[in-house]
Amino acid sequence: MTSENSTANEIAATAARLVVEEGMEYGPAKQRALKILALSRHSRAVLPSNDELEDEVRDYLALFCADTQPAELSALRELAAEWMARLAEFRPHLCGAVWRGTATRLNNIHLQLYCDDSKSAEIALINLGLDYEVGAINGPKGSRGREVDVLSLAVMSRPLGELVTVHLSILDFDDLRGALKPDARGRSERGDLAALRKLMEQQEQ
């Protein structure tokens, strides 16, 4: 193993612990890992890929969280399914750790809404009497590199006994065309409610 590979593995292992124990997103976890390991900025050239980090996260979960993570993932998926059903008119797709199966109770739920009118989802939340915050993130692949609005709300998960943050990314309907392309490993990065329910059935088996 080269020194670069060794460094990347060390970063991945440290970042995976941060992802699981603190609920961090992959990008910030990698940057924090650099600081924890006292590595220079030059080490960014050997940062692990998201796929490599996800592999480490799965290993960490299997080793340290096997008795709690499946139930927590199930609770988050149930909550995601509930909100996808409520927001069905906006063609919701689940992504992130809850979709990929690596989530714990510390993770947020990330839903992408594909809207004909960018303000329609916000109006729907207002009509439901829900409080939410508005932010923005860089759009996902297929969104032509622009920033997209994110509506964030806190909802109760009864199985977990605590509030969970649900982030709703507001995308154009046209963005849906490229959204379901598989990643480099042939896995989907997001799925609709039917796909989520299929995952939930597989998890219960």
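**Cysteines, rings and a helix face**

Author: Cys115 counts as buried, at 3% relative accessibility. The model discussed here is a predicted one.

Reader: How do you know how many disulfides the structure holds?

Author: A search of the whole structure finds zero. A disulfide requires two cysteine sulfur atoms within 2.5 Å. The cysteine sulfur closest to that of Cys95 belongs to Cys115, and the separation is 14 Å, which is too far for a bond. Seen from Cys115, the closest cysteine sulfur is that of Cys95, again at 14 Å.

Reader: Why are Tyr60 and Phe64 called an aromatic pair, and why is the pair called tilted?

Author: The structure holds one aromatic pair, formed by Tyr60 and Phe64. Ring centres must lie within 6.5 Å, and here the distance is 4.6 Å centre to centre. Planes under 30 degrees apart would count as stacked and planes over 60 as edge-to-face. The angle between these planes is 45°, and the pair is therefore tilted.

Reader: What separates Tyr60 and Phe64 along helix H3?

Author: The two residues are four apart in H3 (residues 50-64), and therefore about one helical turn lies between them. In general, an α-helix has 3.6 residues a turn, so residues three or four places apart point the same way.

Reader: Why is Arg86 said to lie over the face of Trp83?

Author: The distance from the ring centre is 4.3 Å, and the limit for CZ of Arg is 6 Å. Arg86 is assigned to the face of Trp83.

Reader: How do you know that the buried residues of helix H6 line one face?

Author: The buried residues of H6 (residues 120-127) are Ala121, Glu122, Ala124 and Leu125. Viewed down the helix axis, they fall within an arc of 155°, so they line one face. The face turned away from the buried side carries the exposed residues Ile126 and Asn127.

Reader: What covers the buried residues of H6?

Author: The cover includes strands E2 (109-115), E3 (133-138), E4 (147-157) and E5 (162-172).

Terms used: Residues are numbered from 1 along each chain as its sequence is written. This is a predicted model: local features need pLDDT of at least 70, side-chain atom pairs count only at pLDDT 80 or more; totals for chains, interfaces and linings use all residues. Side-chain values use heavy atoms; hydrogens and water are left out. Buried means under 20% relative accessible area, exposed over 50%, partly exposed in between (1.4 Å probe, protein chains only). The arc is that of the directions from the helix axis to the C-beta atoms. Contact means heavy atoms within 4.5 Å. Rings of Phe, Tyr and Trp (its six-membered ring) pair if their centres lie within 6.5 Å; planes under 30 degrees apart count as stacked, over 60 as edge-to-face and the rest as tilted. A charge sits over a ring if NZ of Lys or CZ of Arg is within 6 Å of the ring centre and within 35 degrees of the ring normal.
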